Every structure is written in structure tokens, then in C-alpha cells.
Amino acid sequence: MSIGSLKNLALSDNGFVFDPTTGNTFIFNETALTIVRCLIQEKSKEEIIRFLLEEYEVGAEELERDYSDTMIHLKELGLYQ
């Protein structure tokens, strides 16, 4: 997996994301934004899930699903390979 494209993104705290390479803009929810920030820090899936469990009051299954959905979305957007 490559995070190269993610490192170039401009992320705002309100979920606005700008890709300076393509000029595309995106709106990410809070969970997706947190996952992207963790990926940029090169955290593993397990580290990301553990971090999310500490930050949010939701179950592990829901966070696993959110993680998987975010990864699919990032791949569809061409931001993660």
C-alpha cells in the first residue's frame, strides 16, 4: 500500500481536503479525516483501529467497518494504492 498521494493532501480540521497535485477537493467526515491523518503517520491498520477505539465511543466492529469503507473510498478517489 502506498501513502504517497496522501502526504501531499492539505487537510483542514473541518474535513475539507485539497489535493494540490490534481486540484481536486473533497469533504471527509471526522472519522475518515482521522484515518487519513493516521495513514500519513504510517500507522498500521491495527494501530489506527486502536487509536479510534480510544478516541470514539463506538464498538470495534463499527470502527473496522468505517476503516474498510474509508480505505475503499480513498482507493476510488485515487488517493491510496
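The legends below describe close-up views of a predicted model.

Local features are described where pLDDT is at least 70 and side-chain atom pairs at pLDDT 80 or more, while totals for chains, interfaces and linings use all residues. Residues are numbered from 1 along each chain as its sequence is written, and side-chain values use heavy atoms, with hydrogens and water left out.

**View 1. A salt bridge joins K7 and E42.** A salt bridge is here a side-chain nitrogen of Lys or Arg within 4 Å of a carboxyl oxygen of Asp or Glu. The search of the whole structure finds 3 salt bridges. In the pair shown, N and O of the K7 and E42 side chains are 2.9 Å apart. K7 belongs to helix α1 (residues 4-7), whereas E42 sits in the loop between α2 (30-40) and α3 (45-55), so the pair ties together parts that are 35 residues apart in sequence. Helices (H or I, at least four residues) and strands (E, at least two) are DSSP runs, numbered from the N terminus. Buried means under 20% relative accessible area, exposed over 50%, and partly exposed in between (1.4 Å probe, protein chains only). With a relative accessible area of 45%, K7 is partly exposed; E42, at 53%, is exposed.

**View 2. D13 and R37 form a salt bridge.** The closest N and O atoms of this pair are 3.1 Å apart. The link spans distant parts of the chain: D13 lies in the loop between β1 (10-11) and β2 (16-18), and R37 in helix α2, 24 residues apart. D13 is exposed, its relative accessible area being 72%, while R37 is partly exposed at 30%.

**View 3. K45 and E64 form a salt bridge between two helices.** Their closest N and O atoms are 3.4 Å apart. K45 is part of helix α3 and E64 of helix α4 (residues 60-76), so the pair ties together parts that are 19 residues apart in sequence. K45 is partly exposed, with a relative accessible area of 34%, and E64 is likewise partly exposed, at 32%.

**View 4. The largest nonpolar core has 22 residues.** Such a core is a set of buried Ala, Val, Leu, Ile, Met, Phe, Trp, Tyr and Cys residues joined through side-chain atoms within 4.5 Å. L6, F28, L39 and L74 touch the most other members. Two or more residues come from each of α2, α3 and α4, and α2 gives the most, with 6 residues. Apart from its neighbours within four places in sequence, L74 is in contact (heavy atoms within 4.5 Å) with L6, F28, V36, L39, L79 and Y80.

**View 5. Helix α3 has a buried side and an opposite face with exposed residues.** Its buried residues are I48, I49 and L52. They lie on the same side of α3, because they cover an arc of only 95° around the axis, taken from the directions from the helix axis to the C-beta atoms. These buried residues pack against α2 and α4. The face turned away from them carries the exposed residues E46 and E54.

**View 6. Three strands form an open antiparallel sheet.** The strand order is β1-β2-β3. Two strands pair if DSSP finds at least two bridges between them. β1 and β3 (25-27) stand at the edges with a single partner strand each, so one side of each is left without a neighbour in the sheet. β1 and β2 are paired over 2 bridges in the antiparallel sense, and A10 stands opposite F18 in β2.
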